[in-house]
Amino acid sequence: MASFDGLRYYLSEHPSIVSFRWSHAESWGSTWSFLLTSIALYLSAAALLHAAPLLLLRHRRSLPLGPLPAAHALSMALLSLTIFAGTLLSAAAEIRDTRWLWRRSRTTPLQWLLCFPLGTRASGRVFFWSYAFYLSRFLHAAGSLIEILRRRRIPAFKLCSHAVSITASFLWLEFTQSFQVVGIVLTTLVYSAVYGYRFWTAVGLPGACPPFVANCQMLLLGCNLVCHCAVLLLHLLTGGCNGIGAWLFNSVLNGAVMMLFLNFYIKMHHRKLNPAAAEVSAIVKDKDI
């Protein structure tokens, strides 16, 4: 019990977490110029890393990176698990401290998780972990740069997905967008499993026979689609959800990523059914979210 109380304090009751406030002056990486510059640098780095080995190492298919892929997978798994636990505990604390304000409007905890009341500001516990999630997107995006060095190719789907993920998490905070609590919980839960699996295979242990990573991505996309429909329904029935404009823009971005992934997923299963298709297992193994 004492250990759980200590964990709860450091994940949801620490003064730095309780007093957090998203601010362009105080929060690192919180400006539009930083967002646009970082995405441009990320895409430029991907193109450079793709071209440089082709020019310098023409006869080698990949670069030996040693323990770097395993270290990246382990760090992402642990970070995702920490953000998952912190968001859950912080959401529970926020519901405990503010639900008395909801009685007049008859707001339920589930409704609050999906639909922030109009006028909500990005401050407090859950937004601290939303900020941590936003920063973790840059470490997540570094995974595609590692893969370029290993495979000497640009995974266009992943580059697009990572750029969208960084942008979406920024908009969550900038416009105090509804749905972000559930989105963070779902995403970090799936990432904990996916990167734990990738660490498992990176250290040489046997992987699962089905396309584990692709199936986890499909599950995450399905859950997000259901939650997005719930947000829209609540917005229409309850008088409005905060940050609905950013939610709509993010929905368009996520829809584009979903279509790209569904195209990949359908082709993957089609090739599995076609015995003449080659390199399917390598593509499935290396595909990341």
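The protein has eleven helices and zero strands, and the structure described here is a predicted model. From the N terminus on, the order of elements is accordingly α-α-α-α-α-α-α-α-α-α-α. Of the 289 residues, 45% count as buried, and the accessible surface of the protein comes to about 15,200 Å², with 69% of that surface belonging to carbon and sulfur atoms. When contacts between residues at least 6 apart in sequence are considered, 81% of them join residues at least 24 apart.

Ala45, which lies in helix 3 (residues 32–56), is 100 residues from Leu145 along the chain, yet the C-alpha atoms of Ala45 and Leu145 are separated by 7.7 Å. With a relative accessibility of 26%, Ala45 counts as partly exposed. The second pair involves Pro64, located in the loop between helix 3 and helix 4, and Arg150; these residues are 86 apart in sequence, whereas the distance from C-alpha to C-alpha is 7.0 Å. Pro64 counts as exposed, since its relative accessibility is 63% and the exposed class begins over 50%.

The cysteines were examined next. A disulfide is a covalent bond between the sulfur atoms of two cysteines. With a cut-off of 2.5 Å between cysteine sulfur atoms, the count comes to one disulfide. This disulfide is formed by Cys115 and Cys241, whose sulfur atoms are 1.9 Å apart. The pair links distant parts of the chain, 126 residues apart: Cys115 sits in the loop between helix 5 (109–114) and helix 6 (125–151), while Cys241 sits in the loop between helix 9 (212–238) and helix 10 (244–273). The torsion about the S-S bond of Cys115 and Cys241 is about -110°, and the disulfide is therefore left-handed. Both Cys115 and Cys241 are buried.

Cys223, in contrast, is in no disulfide, the nearest cysteine sulfur being that of Cys227 at 6.7 Å. Cys223 is partly exposed, with a relative accessible area of 29%. For Cys229, the closest cysteine sulfur is again found in Cys227, but the separation of 9.2 Å is too far for a bond.

The packing of helix 8 against two other helices was then characterised. Two packed helices are described by the angle between their axes and the distance between the axes. The axes of helix 6 and helix 8 (residues 180–202) come within 11 Å of each other and cross at roughly 40°, so that helix 6 and helix 8 are oblique to each other. The crossing in which helix 6 passes helix 8 is left-handed. On the side of helix 6, the contact is made by Val126, Phe127, Trp129, Ser130, Phe133, Arg137 and His140, and on the side of helix 8 by Gln180, Val181, Ile184, Thr187, Thr188, Tyr191 and Tyr195.

For helix 4 (residues 68–98) and helix 8, the axes come within 7 Å and the crossing angle is roughly 155°. Because angles over 145 degrees fall in the roughly antiparallel class, helix 4 and helix 8 are roughly antiparallel to each other. This crossing of helix 4 and helix 8 is also left-handed, as is that of helix 6 and helix 8.

Most residues other than glycine have a negative phi, and most peptide bonds are trans. Thr176, although not a glycine, has a positive phi of about 45°, and its position is in the loop between helix 7 (156–174) and helix 8. Thr176 counts as buried, with a relative accessibility of 6%. Phe179, another residue other than glycine, has a positive phi near 85° and is also placed in the loop between helix 7 and helix 8. The relative accessibility of Phe179 is 3%, so Phe179 counts as buried.

Key:
Residues numbered from 1 in each chain as written. Predicted model: local features only at pLDDT ≥ 70, side-chain atom pairs only at ≥ 80, totals over all residues. Heavy atoms only, no water. Helix = DSSP H or I, 4+ residues; strand = E, 2+ residues; numbered from the N terminus. Buried < 20%, exposed > 50% of the residue type's maximum accessible area, 1.4 Å probe, protein only. Contact = heavy atoms within 4.5 Å. Areas by Shrake-Rupley, 256 points an atom, 1.4 Å probe, with all protein chains shown as cover. Axes fitted to C-alpha atoms, helices over the stretch in contact; angles between N-to-C directions. Parallel < 35°, antiparallel > 145°, perpendicular 65-115°, else oblique. Left-handed = near helix turned anticlockwise from the far one by under 90°.
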